[in-house]
Amino acid sequence: PRRYLQTTTSLAGSGTAANTKADYPSFPTVTITATGAGSATYSVANTTLGKTLTLNLSGLVNTDVVVVDMEKKSITKNGTATPSLFVSGDFWRIDPGNNTITVTNPTNVTTATVWRPAFCL
């Protein structure tokens with residue numbers, strides 16, 4: 001059993017995901033918003049864990065929104081399940097402490113990673 005902070009924490013693009021209030025891993029949601037066709041080798045990674053998820057975003061058009069739920073291991077595009085965007089890699093978590101998140105090949109997309117710090121009961 002665990003509890004979560006009510007307020008979410010977020011990171012735009014690459015950087016440090018500061019999960020220092022937590023004492024239990026959290027699973028983020030990654031939201032990718034397109035302004036045009038993306039890269040066929042777009043990836044988002046938690047390099048602290050050595051885990052990378054690669055997606056093919058080359059078929060996106062302006063205003064498409066891709067949501068990756070790391071806990072449910074699901075990928076949706078505009079609200080519809082779209083597992084075909086998966087190319088390779090692993091769904092990942094954010095551990096307590098600082099985690100380095102990197103976005104590679106972000107052509108025509110913006111990336112937001114959102115999570116709730118978690119605590120053991």
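Strands here are DSSP runs of E, at least two residues long, numbered from the N terminus. The structure shown is a predicted model.

**View 1. Thr 82 sits in a loop between two strands.** Buried means under 20% relative accessible area, so Thr 82, at 14% relative accessibility, counts as buried. Leaving aside residues up to four places away in sequence, Thr 82 touches Ile 75, Thr 76 and Lys 77.

**View 2. The side chains of β4 alternate between two faces.** Follow β4 (residues 29–34) and you will find Val 30, Ile 32 and Ala 34 pointing to one face, where they are buried.

**View 3. β4 pairs with β7 and with β12.** Strand β7 (residues 65–69) runs antiparallel to β4, and 5 bridges join them. Here Thr 31 has Val 67 of β7 as its bridge partner. With strand β12 (residues 109–115), β4 pairs in the antiparallel sense over 6 bridges. In that pairing, Thr 29 stands opposite Val 114.

**View 4. Five strands make an open antiparallel sheet.** The order to trace is β3-β11-β5-β6-β10. Because β3 (15–19) and β10 stand at the edges with a single partner strand each, one side of each has no neighbour in the sheet. From one strand to the next, the twist averages 20°.

**View 5. β5 meets β6 within the open sheet.** Strands β5 (residues 42–46) and β6 (residues 51–55) run antiparallel and are joined by 5 bridges. Look for Val 44, which stands opposite Leu 53 in β6.

Conventions. Residues are numbered from 1 along each chain as its sequence is written. This is a predicted model: local features need pLDDT of at least 70, side-chain atom pairs count only at pLDDT 80 or more; totals for chains, interfaces and linings use all residues. Side-chain values use heavy atoms; hydrogens and water are left out. Helices (H or I, at least four residues) and strands (E, at least two) are DSSP runs, numbered from the N terminus. Buried means under 20% relative accessible area, exposed over 50%, partly exposed in between (1.4 Å probe, protein chains only). Contact means heavy atoms within 4.5 Å. Two strands pair if DSSP finds at least two bridges between them. Axes are lines fitted to C-alpha atoms, for helices over the stretch in contact, and angles run from 0 to 180 degrees between N-to-C directions.
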